[in-house]
Amino acid sequence: MAYTLTVNGSAHTVDTEPSTPLLWVLRDLLDLVGTKYGCGVAQCGACTVHLDGVPVRACVTPVSRVGARAVTTIEGIAANPVGARVQEAWKTLDVPQCGYCQAGQIMSAAALLAATPKPTDAQIDAAMDGNLCRCATYPRIRKAIKSASGQAEA
């Protein structure tokens, strides 16, 4: 079945099964490999993308449920001023260690700051709770979110 998706501001038509996870459409059909496969059951957050600005787990989102909502991936997040600030804070503070989870972390952080420009520590913890980092870079992630929100010096 053919689906037309708006991904990072561009329209793409893909022919795939309705149950195909958005993650595989992005990675295998559109060659947008910044979104990572982690657990495959929406528990680690490595596959986080935005649908109309709302973070979702692409590994469990069938392409048939995307509809007309705009998909934003890590490749497109810098086009959003909040996303650009988050990415800059990540680089300035050298947040990633192995880096595998960081695309999902950045997507969740950008969604948090878009909804809550000056989050508290508790709000950061709640928003980032579903994004796991096996390198335990959580203190640097929190510091980068605070920096991107203008609440702390980089």
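1. The C-alpha centres of domain 1 and domain 2 lie 20 Å apart. Domain 1 covers 2–72 and domain 2 covers 77–149; these bounds come from an automatic or database domain assignment. Across the two, 14 residues of domain 1 are in contact with eleven residues of domain 2, contact being heavy atoms within 4.5 Å.

2. A word on the model. It is predicted: local features need pLDDT of at least 70, side-chain atom pairs count only at pLDDT 80 or more, and totals for chains, interfaces and linings use all residues. Residues are numbered from 1 along each chain as its sequence is written, and side-chain values use heavy atoms, with hydrogens and water left out.

3. Now the largest pocket. Both domain 1 and domain 2 give residues to its lining, so the largest pocket lies between them. It holds about 150 Å³ of space. A pocket here is an open set of points, on a 1 Å grid over the protein atoms alone, where a 1.4 Å probe fits, with protein on both sides within 12 Å along at least five of seven lines; lining residues have an atom within 4 Å of a point. The volume is the space filled by probe spheres set on the points, which are joined across faces, edges and corners.

4. The lining of the largest pocket includes Cys 44, Cys 98, Cys 101, Cys 133 and Cys 135. Gly 38, Tyr 100 and Arg 134 are also among the lining residues. By class there are eight nonpolar, one polar and one charged residues. In this scheme Cys and Tyr count as nonpolar, Arg as charged and Gly as polar.

5. Helix H3 spans residues 102–115. Its 14 residues should span 20 Å at 1.5 Å a residue, and the end C-alpha atoms are 20 Å apart, which agrees. The expected span is 1.5 Å times one less than the number of residues. Helices (H or I, at least four residues) and strands (E, at least two) are DSSP runs, numbered from the N terminus.

6. H3 is mostly covered, with twelve of its 14 residues buried. Buried means under 20% relative accessible area, exposed over 50%, partly exposed in between (1.4 Å probe, protein chains only). The cover includes strands E3 (48–51), E4 (54–57) and E5 (70–72), and helices H2 (81–92), H4 (121–128) and H5 (138–148).

7. Ala 115, in helix H3, is exposed, with a relative accessible area of 64%. Thr 35 sits in the loop between helix H1 (22–29) and E3. Thr 35 counts as buried, at 2% relative accessibility. Among the residues that Thr 35 touches are Leu 23, Val 49 and Ile 74.

Note on methods. Lists of a residue's contacts leave out its neighbours within four places in sequence.
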